[in-house]
Amino acid sequence: ATKNAIENIVYYMIEQDHLEQRISCYQDMAQKYPHEAQPQYVLMQLHNDQSNYKAMNTAAYKYLKNKREFIIDSFDKAKTLYLIIKSHYYIKEFDAGIDTFQTYDNWVQSIMEPNDYVLWLKFGIQLHIECKCYQRTK
């Protein structure tokens, strides 16, 4: 509980900083504390805001790796999985995105609100379409 309180204080202290400054701050934290999940969670969101999908993808996977399964909030996990398939789409890693989509689709549907699940489905469909188009051009 104390750790969460400190993480929230830090978040609100630097929330007003420019995006690049916040990214730099959280990258420093992630480097100093490589097994902590919170810096990766924030970096994932900041990189999404920046449309830096490769960095977002890396942070999302590190967040899932660092966050213990028994304490991860279902919404946070579903959001992270959504950002992972979104990033796979934009960095043209269609097969990896499809694998993630197919592995978690039923679970994500049970967690997400319908309006959020539509966005999940959108990227799942786009990944399948792009994968087929990409395979035809090889």
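Predicted model: local features only at pLDDT ≥ 70, side-chain atom pairs only at ≥ 80, totals over all residues.
Figure 1. Residues are numbered from 1 along each chain as its sequence is written, and side-chain values use heavy atoms, with hydrogens and water left out.

**Figure 2. The helical chain and its largest nonpolar core.** The chain has seven helices and zero strands (DSSP runs, H or I of at least four residues for helices and E of at least two for strands, numbered from the N terminus). Of the 138 residues in the chain, 36% are buried. The largest nonpolar core contains 33 residues, and Met44, Met112 and Trp120 have the most contacts inside it (a core is a set of buried Ala, Val, Leu, Ile, Met, Phe, Trp, Tyr and Cys residues joined through side-chain atoms within 4.5 Å). At least two residues of this core come from each of α2 (19-32), α3 (38-50), α4 (53-66), α5, α6 (94-111) and α7. Helix α5 gives the largest share, seven residues. Over the chain, 56% of the contacts with a separation of 6 or more are between residues 24 or more positions apart (contact means heavy atoms within 4.5 Å).

**Figure 3. Surroundings of Trp120.** Trp120 is among the residues with the most contacts inside the largest nonpolar core. Setting aside neighbours within four places in sequence, Trp120 is in contact with Leu81, Tyr82, Ile85, Thr100, Phe101, Tyr104, Asp105, Val108 and Met112. One of these partners, Met112, is also listed with Trp120 among the residues with the most contacts inside the core.

**Figure 4. Aromatic pairs and a ring cluster.** The count of aromatic pairs comes to eight (rings of Phe, Tyr and Trp, the last by its six-membered ring, pair if their centres lie within 6.5 Å; planes under 30 degrees apart are stacked, over 60 edge-to-face and the rest tilted). Tyr89 and Phe94 make a tilted pair, at 6.4 Å centre to centre with 55° between the planes. Tyr89 is buried at a relative accessible area of 17%, and Phe94 is buried at 7%. Tyr90 and Phe123 make an edge-to-face pair, at 5.8 Å centre to centre with 65° between the planes. Tyr90 belongs to helix α5 (residues 74-90) and Phe123 to helix α7 (residues 114-137), so this pair ties together parts that are 33 residues apart in sequence. Tyr90 is partly exposed at 38% relative accessibility, whereas Phe123 is buried at 2%. Ring pairs join Tyr53, Tyr82, Tyr89, Tyr90, Phe94 and Phe123 into a cluster.

**Figure 5. Lys77 over the face of Trp107.** Lys77 is found in helix α5 and is buried, with a relative accessible area of 12%. Its distance from the ring centre of Trp107 is 5.2 Å (a charge sits over a ring if NZ of Lys or CZ of Arg is within 6 Å of the ring centre and within 35 degrees of the ring normal). Apart from residues up to four places away in sequence, Lys77 touches Leu64, Glu69, Ile72, Tyr104 and Trp107.

**Figure 6. Salt bridge between Glu93 and Lys54.** A search of the whole structure finds one salt bridge (a side-chain nitrogen of Lys or Arg within 4 Å of a carboxyl oxygen of Asp or Glu). The closest N and O atoms of Glu93 and Lys54 are 3.3 Å apart. Glu93 lies in the loop between α5 and α6 and Lys54 in helix α4, so the pair ties together parts that are 39 residues apart in sequence. Glu93 is partly exposed, with a relative accessible area of 27%, and Lys54 is partly exposed at 46%.

**Figure 7. Positive phi at Ser51 and Lys92.** Ser51, a residue other than glycine, has a positive phi near 60°. Ser51 sits in the loop between α3 and α4 and is partly exposed, with a relative accessible area of 44%. Phi of Lys92 is also positive and near 60°. Lys92 is in the loop between α5 and α6 and is exposed, with a relative accessible area of 62%.

Conventions
Buried < 20%, exposed > 50% of the residue type's maximum accessible area, 1.4 Å probe, protein only.
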